[in-house]
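I opened a notebook for this chain and went through it element by element. These are the entries, in the order I made them.

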Amino acid sequence: SFEISPVRFVQVACTNVFLLWLIVGTGAAVRLTDSGLGCSHWPGCERGAPLPEKNVHAFVEFGNRLVGGVVITVTLLTWLAARKTPGLPAWSRRLALAVLLGALAQAPLGYLAVASDLRWPVVMTHLLLSIALLAGAVVIAIEAIGLRDGISEPIVPLELRRLAILFTAAGF
């Protein structure tokens, strides 16, 4: 049977983290350059013209969409690799699946953002999901590094970790 080594899975997981971080950055670029409606159609840029014309806003918006396609591909590969990495806990595999499903959910959310003329609740949901996916990918990468290097006892007591989760949830 086909297996992925822990060393290789760390590389895949870290690539996933980087790309999820990158999509947050390109999404921020879309927002900061006011390019959110640079492409009025979805998934292509304009009706009948899938690629952007010579307009900076369209290139910024379409570039973000292209990065999103790469992110979905890498999250799929991460989930498949997690399934084939011996010693990886089952919860990590489930988290990798959740990150993949969340990345897939970003596409219709992006469509809704464009269709709603960038209404803030849709845009904010899009951003918060991106941050949650990035956090999930970081947890997977940390677990992969632990598997590669040998897992040690946590430094932070269980009660404090639970409190951190509670504060994070309250922050969202």
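**Entry 1: glycine 102.** I began with glycine 102, which is buried because its relative accessible area is 8%; buried means under 20% relative accessible area, exposed over 50% and partly exposed in between, with a 1.4 Å probe and protein chains only. Glycine 102 sits in helix H3. Helices (H or I, at least four residues) and strands (E, at least two) are DSSP runs, numbered from the N terminus. I set aside the neighbours within four places in sequence and found glycine 102 in contact with Leu129 and Leu133, where contact means heavy atoms within 4.5 Å. I also looked up the pair glycine 102 and isoleucine 72: 30 residues separate them in sequence, and their C-alpha atoms are 9.2 Å apart.

**Entry 2: ground rules.** I noted that this is a predicted model, in which local features need pLDDT of at least 70, side-chain atom pairs count only at pLDDT 80 or more, and totals for chains, interfaces and linings use all residues. Residues are numbered from 1 along each chain as its sequence is written, and side-chain values use heavy atoms, with hydrogens and water left out.

**Entry 3: the whole chain.** I counted 5 helices and 0 strands in the protein chain, and the order from the N terminus is α-α-α-α-α. The C-alpha atoms fill a box of roughly 55 × 40 × 20 Å along the principal axes. Of the 172 residues in the chain, 33% are buried. I then took the contacts with a separation of 6 or more, and 68% of them are between residues 24 or more positions apart.

For charges, I compared the mean positions of the 13 positive and 10 negative ones and found them 5 Å apart. Lys and Arg count as positive and Asp and Glu as negative, while His and the chain ends are not counted. The place of a charge is NZ of Lys, CZ of Arg, CG of Asp or CD of Glu.

**Entry 4: helix H1.** I checked the length of H1 (residues 6–32): its 27 residues reach 39 Å from first C-alpha to last, close to the 39 Å expected at 1.5 Å a residue. The expected span is 1.5 Å times one less than the number of residues. The buried residues of H1 include Phe9, Val10, Leu19, Leu20 and Ile23, and also Asn16 and Thr26. I found that the buried residues of H1 pack against H2, H3 and H4. After H1 comes aspartate 34, with a positive phi near 60°.

**Entry 5: helix H2.** The 28 residues of H2 (residues 56–83) should span 40 Å at 1.5 Å a residue, so the 41 Å between the end C-alpha atoms agrees. At the start of H2, I found a side-chain oxygen of asparagine 55 within 2.8 Å of the backbone nitrogen of histidine 57.

Is glutamate 61 buried or exposed? Glutamate 61 counts as buried, because its relative accessibility is 7%. Glutamate 61 lies in H2, and its side chain is joined to that of arginine 65 by a polar contact of 2.9 Å. A polar contact is a pair of N or O atoms within 3.5 Å; within protein, one must be able to donate a hydrogen and the other to accept it, and residues adjacent in sequence count only if both atoms are side-chain atoms. Not counting residues up to four places away in sequence, glutamate 61 touches Val30, Ser35, Gly36, Gly38, Cys39 and Val114.

Entry 6: The 26 residues of H3 should span 38 Å at 1.5 Å a residue, and its end C-alpha atoms are 38 Å apart, which agrees. Among the buried residues of H3 are Ser92, Gln106, Gly110 and Val114, and their cover includes H1, H2 and H4.

Aspartate 117 is in the loop between H3 (90–115) and H4 (120–149). Its phi is positive, near 60°, in a residue other than glycine. Aspartate 117 counts as exposed because its relative accessibility is 52%. Leucine 118 is in the loop between H3 and H4, and has a positive phi of about 60° although it is not a glycine.
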